[in-house]
Amino acid sequence: MAAPCARRGAGAPWALLVLALLASPLAAALKLDIDGQAIVDQLLHLATYSDDPNPAVTRILFTENDMKARGYIKQLMAEAGLTIREDTMGDIYGVLPGANPGAASVSTGSHCDAIPLAGAYDGTLGVVGGIAALRALKEAGFVPAKPLEVVMFTSEEPTRFALSCSGSRAMAGVLDAGYLDSRRDENGTSYLAAATAAGYGAATYGEMLQGARRTPADLAAFVELHIEQGPLLEKEGTQIGIVTAIAAPAALRVSFSGDGGHAGAQLMPWRNDASLAAAELALFVEHAALSAGSWDTVATAGYWDIKPNAVNSVPREAVLEIDVRDIDRERRDGGVGSIREEAAKIAQRRKVRHSVDIINQDPPATSAPAVVAAAAAAVSELGYSSKRMVSRAYHDSLFMAQIAPTAMIFIPCRNGWSHRPDEYASPADIARGVQVLAHTMARLAGDAADAKQEL
Ligand SMILES: *[C@@H]1O[C@H](CO)[C@@H](O)[C@H](O)[C@H]1NC(C)=O
Ligand SMILES: [Zn+2]
């Protein structure tokens with residue numbers, strides 16, 4: 001490709017060398033103009049597309065406000081000079097072509113949907129900030145060797161179809177057509193019908209999923225910018241977090257059922273109280289996490305449904321939903337297994353019937369060393385403080401990691417608050433996060449001028 005050279009106006013060989021050095025992302029020569037306040041203004045504008053009054057943000061997949069938000073994201077991509085593409089699932093891409101258009105892309109992105117009464121920064125930072133990063137690189141005259149892209153992933157939050165990360169699951173090829181088809185929203189609408197009404201979709205579930213599919217050959221790297229959603233960076237006064245692993249949840253539903261009875265008339269020896277089986281299991285869940293031997297193992301019995309839930313009745317039915325997370329799949333699945341076994345033992349001892357359903361069990365992700373190294377180099381080039389850390393929440397990166405070398409960049413957020421209206425990250429922290437993202441992507445994509453020089 002001659003374009004990058006011509007654009008740099010390199011005539012004499014010495015000029016070519018100097019320009020190549022200047023353009024090298026290894027040097028501090030990449031001076032990017034990132035305006036944190038301008039990004040915040042865009043995030044706050046995006047927040048106005050909400051089903052609840054600001055500062056709360058509620059934005060549900062393919063609803064009127066989600067469609068308006070998508071329109072705004074495409075407008076920002078167009079203003080940044082990116083080429084826009086959308087897929088059948090509803091994922092939106094903004095692409096900055098590389099000097100080598102056939103090369104695998106260096107990708108970033110996140111989500112713009114928001115759970116009920118959430119805030120303005122979760123996910124949106126990675127999309128609006130990703131667009132700002134690509135825009136700044138383009139305006140600085142940086143021509144990547146590999147294409148750069150920013151993705152707005154469709155429905156990372158599970159609100160409408162009780163399914164998280166539908167866009168990135170489809171990209172990674174781990175979303176089952178039959179399973180997606182079995183999902184319905186509160187009004188009985190299917191994903192395919194909702195996607196089609198929004199201008200996406202395909203003739204069948206299979207075609208729709210295929211239309212979003214990416215492969216490792218398409219992707220050189222994926223790096224997601226996100227607010228931490230936890231308090232560590234702010235507490236320690238660290239500017240940037242580089243994520244080395246993403247914990248993944250497994251969720252189980254355990255149901256116990258006994259015979260119930262009158263709380264006065266049914267004498268103690270003849271009871272089989274379902275809620276006591278559930279209570280024993282909840283204590284075991286805590287024990288299982290505490291005895292796993294790592295801070296990274298957490299387990300929670302957060303959902304209880306007791307029937308008939310009356311003061312004068314022996315509980316007849318108890319349903320628990322249990323969340324088990326870890327960055328180590330074997331250890332997490334071991335915990336899930338021990339909870340299953342304990343549920344069976346408790347049921348036998350307490351003479352209640354029981355059943356266990358696995359709701360989901362996604363693999364955790366480990367960041368790719370090359371992407372972590374690029375982010376670390378970007379941070380030191382920029383002179384920011386940083387630390388390696390684990391993401392306790394999951395993100396689209398969890399699924400992108402199955403098809404691309406992946407890492408994440410975290411910035412502090414106030415008090416670690418997220419998924420609430422007072423979620424907040426400062427313009428200065430946002431500007432630093434976008435700088436790190438842009439420099440990381442530039443390193444991963446390579447400079448077309450350098451590539452030319454090496455030829
Ligand atoms: C379901 O229908 C109600 C009533 O028409 C509507 O207000 C709501 O937005 C619908 N839900 C979704 C997810 O479209
Ligand atoms: Zn998020």
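This note describes the pockets, the cavities, the ligand surroundings and some backbone features of a predicted model.

1. Basis. Local features of this predicted model need pLDDT of at least 70, side-chain atom pairs count only at pLDDT 80 or more, and totals for chains, interfaces and linings use all residues. Residues are numbered from 1 along each chain as its sequence is written, chains are lettered from A and ligands numbered from 1 in the order in which they are written, and side-chain values use heavy atoms, with hydrogens and water left out.

2. Largest pocket. A pocket here is an open set of points on a 1 Å grid over the protein atoms alone, with protein on both sides within 12 Å along at least five of seven lines; a cavity is a set of points where a 1.4 Å probe fits but cannot get out, and lining residues have an atom within 4 Å of a point. Volume is the space filled by probe spheres set on the points, which are joined across faces, edges and corners. The largest pocket holds about 720 Å³. Its lining comprises 30 residues, and those nearest the centre are Ala 162, Arg 169, Ala 251, Ile 359 and Asn 360.

3. Sources of that lining. At least two residues each come from strand 9 (248-257), strand 10 (298-307), strand 11 (317-326), strand 12 (353-361) and helix 14 (397-400). Helices (H or I, at least four residues) and strands (E, at least two) are DSSP runs numbered from the N terminus. Domain 1 (14-247 + 364-454) and domain 2 (249-361) each contribute at least three residues to the lining of the largest pocket; the bounds come from an automatic or database domain assignment. By class, this lining has 16 nonpolar, 5 polar and 9 charged residues, where Ala, Val, Leu, Ile, Met, Phe, Trp, Tyr, Cys and Pro count as nonpolar, Asp, Glu, Lys and Arg as charged, and the others, Gly among them, as polar.

4. Second largest pocket. Its volume is about 370 Å³. Of its 23 lining residues, Gln 229, Arg 392, Ala 393, Tyr 394 and His 395 are the closest to the centre. Strand 14 (residues 386-391) gives the most to this lining, with 3 residues. The lining of the second largest pocket divides into 9 nonpolar, 8 polar and 6 charged residues.

5. Ligand 1. Arg 160, Asp 185, Glu 186 and Asn 187 surround ligand 1, a residue being near if one of its heavy atoms lies within 4 Å. This shell has no nonpolar, 1 polar and 3 charged residues. A nitrogen atom of ligand 1 is 2.7 Å from a side-chain N or O atom of Glu 186, and an oxygen atom of the ligand is 2.3 Å from a side-chain N or O atom of Asn 187.

6. Cavities. There are 3 cavities of 30 Å³ or more. The largest cavity has about 80 Å³ of space. It is lined by 14 residues, of which Leu 61, Ser 155, Glu 157, Thr 159 and Arg 160 are the closest to its centre.

7. Backbone. Most residues other than glycine have a negative phi, and most peptide bonds are trans. A cis peptide bond, with omega about 10°, joins Asn 54 and Pro 55; Pro 55 is in the loop between helix 3 (36-47) and strand 1 (57-59). The bond from Lys 307 to Pro 308 is also cis, with omega near 0°, and Pro 308 is found in the loop between strand 10 and strand 11. Phe 62, although not a glycine, has a positive phi of about 60°.

Note on methods. A polar contact is a pair of N or O atoms within 3.5 Å; within protein, one must be able to donate a hydrogen and the other to accept it, and residues adjacent in sequence count only if both atoms are side-chain atoms.
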